[in-house]
Amino acid sequence: MRTADSGFSASGLRRLHEVLARHVDSGKIPGLVALVSRGGETHVETIGSMRHDGGPPMSRDTIFRMASTSKPVSIAAAMVLLDECRLRLDDPVEPWLPELADRQVLKRIDGPLDDTVPARRPITVRDVLTSTFGLGMDMTALGTPIMGAVFAQGLTPNLPEPMPDPDEWMRRLGTLPLMHQPGERWQYQLSSDLVGVLVARVTGQSFETFLRERIFDPLGMKDTGFHVPGNRIDRLPTLYAPDPQTGEFTVWDDAEGGRWAQPPAFQGGGGGLVSTVDDYHAYFRMLLNGGIHGNERILSRPAVELMTTNRLTPEQQAPRTAMARDNVHISFGQGQHGGWGFGMAVRTYRGDYASVGQFGWDGGSGTSTYADPEKQLTGILLTQVGATVPNSTWAFHDFWTTVYQALDD
């Protein structure tokens, strides 16, 4: 039996529900919202509650902290500027980001911060959009002076102190040497936050204002932004970072009075968005449609193709390959995609049930968002259980397995 006009089997969707319910029933995930769509058919699951000790049930309009699944959405602002020739891929970023002029580069990634050589060339827009500008999170370099300096300067989210305003963030970033030469290596996170600063400086608007005018409002993403207004705060669940040793639920962020209860000083493109399954569905469907939503073009087809296909050489993405191959026990199996486009992962080989060409990303707050051009499929799984333990990541894996096994063609 298959559901009418969808390409999903009814038995497959039942299994999807049963598998997700099993994760909630285990007590490891308080609640979740999931959406799968194909063609004209959309299927939504809402299971469990907004707190581990009960509370209101999860609902279709529950607002989630999207964490790193912000990256595939926030990058669209830069693509608008490329479409309008307000940015060019191989232009240096110095006119807008003078703090990144005349960079020094570490001789060794684990060396002292003053043991450097001059950068071989300026940082370009392409370097920022592909996460290869030379500085970022490197899980294989924890404990080195440069990673200690990144943390000490407060350049990453989820530290005890919120990130400073964009100008101060840029000033601090500009005090550090690069870890690699511009364009040499893919590195995580900092590029995605840098995109937001670049967009704001090019447009003269705040990053959120530009995103709202050009992406969120045209797509009807009414619940997406960098904070949750007071009249919607009851729709924001508690975010947990369970203790890695005991699994005990520890509150990472409360709704009332938490980090997302007021506008942040820094609108982080790398992990600052809140949203709903329907808002994200609208965005990923737009990408599947080649940049069109309804009768309105949001992005050009070439812009979408650049974002959603691999942009990196094997040498550039050596750190991602190493993470997928050598650190699966730490990453709980994430990173097994192959490639990286602009702001998102791209599957370049068949490593599991997903098709080659699938694009999207996962978030450390327990969120997973991907689209598959070959199957014309979108899937979104939202929890609020952080990746300090593997439970939300295991739920991602099972979600995607059951989504693909539910296809009936």
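I count a residue as buried under 20% relative accessible area and as exposed over 50%. I kept that cut-off at hand while going through this model, which is a predicted one.

**Entry 1: two residues with positive phi**

I started with Cys 85, which has a positive phi of about 60° although it is not a glycine. I found Cys 85 in the loop between H2 and strand S5 (104-106). Is Cys 85 buried or exposed? Its relative accessibility is 59%, so Cys 85 counts as exposed.

Next I looked up Ala 67, another non-glycine residue, with a positive phi of about 50°. Ala 67 sits in the loop between strand S4 (64-65) and H2.

**Entry 2: helix H2 against helix H8**

For H2 (residues 71-83) and H8 (residues 277-288), I have an angle of about 55° and axes 11 Å apart. H2 is therefore oblique to H8. I also wrote down that the crossing of H2 and H8 is left-handed.

Which residues make the contact? From H2 I listed Pro 72, Val 73, Ile 75 and Ala 76, and from H8 Tyr 280, Tyr 283 and Phe 284. Sorting the H2 contact with H8 by class, I got seven nonpolar residues, no polar ones and no charged ones.

I then moved to S16 (residues 377-382), a mostly covered strand with six of its six residues buried. I reminded myself that in a regular strand the side chains alternate between the two faces of the sheet. In S16, I saw Leu 377, Gly 379 and Leu 381 pointing one way, with Thr 378, Ile 380 and Leu 382 pointing the other way. All of these residues are buried.

Which way does S1 run relative to S16? I found S1 (residues 31-38) antiparallel to S16, joined by six bridges. One position I marked here is Val 33, which stands opposite Leu 382 in S16.

S15 (residues 367-372) also pairs with S16, again in the antiparallel sense and over six bridges. Here I marked Tyr 370, which stands opposite Gly 379 in S16. How many residues lie between S15 and S16 in their hairpin? I noted four, and in that turn Gln 376 has a positive phi of about 50°.

Note on methods: Residues are numbered from 1 along each chain as its sequence is written. This is a predicted model: local features need pLDDT of at least 70, side-chain atom pairs count only at pLDDT 80 or more; totals for chains, interfaces and linings use all residues. Side-chain values use heavy atoms; hydrogens and water are left out. Axes are lines fitted to C-alpha atoms, for helices over the stretch in contact, and angles run from 0 to 180 degrees between N-to-C directions. Angles under 35 degrees count as roughly parallel, over 145 as roughly antiparallel, 65 to 115 as roughly perpendicular and the rest as oblique. A crossing is left-handed if the near helix is turned anticlockwise from the far one by less than a right angle, and right-handed if clockwise. Contact means heavy atoms within 4.5 Å. Ala, Val, Leu, Ile, Met, Phe, Trp, Tyr, Cys and Pro count as nonpolar, Asp, Glu, Lys and Arg as charged, and the others, Gly among them, as polar. Buried means under 20% relative accessible area, exposed over 50%, partly exposed in between (1.4 Å probe, protein chains only). Two strands pair if DSSP finds at least two bridges between them.
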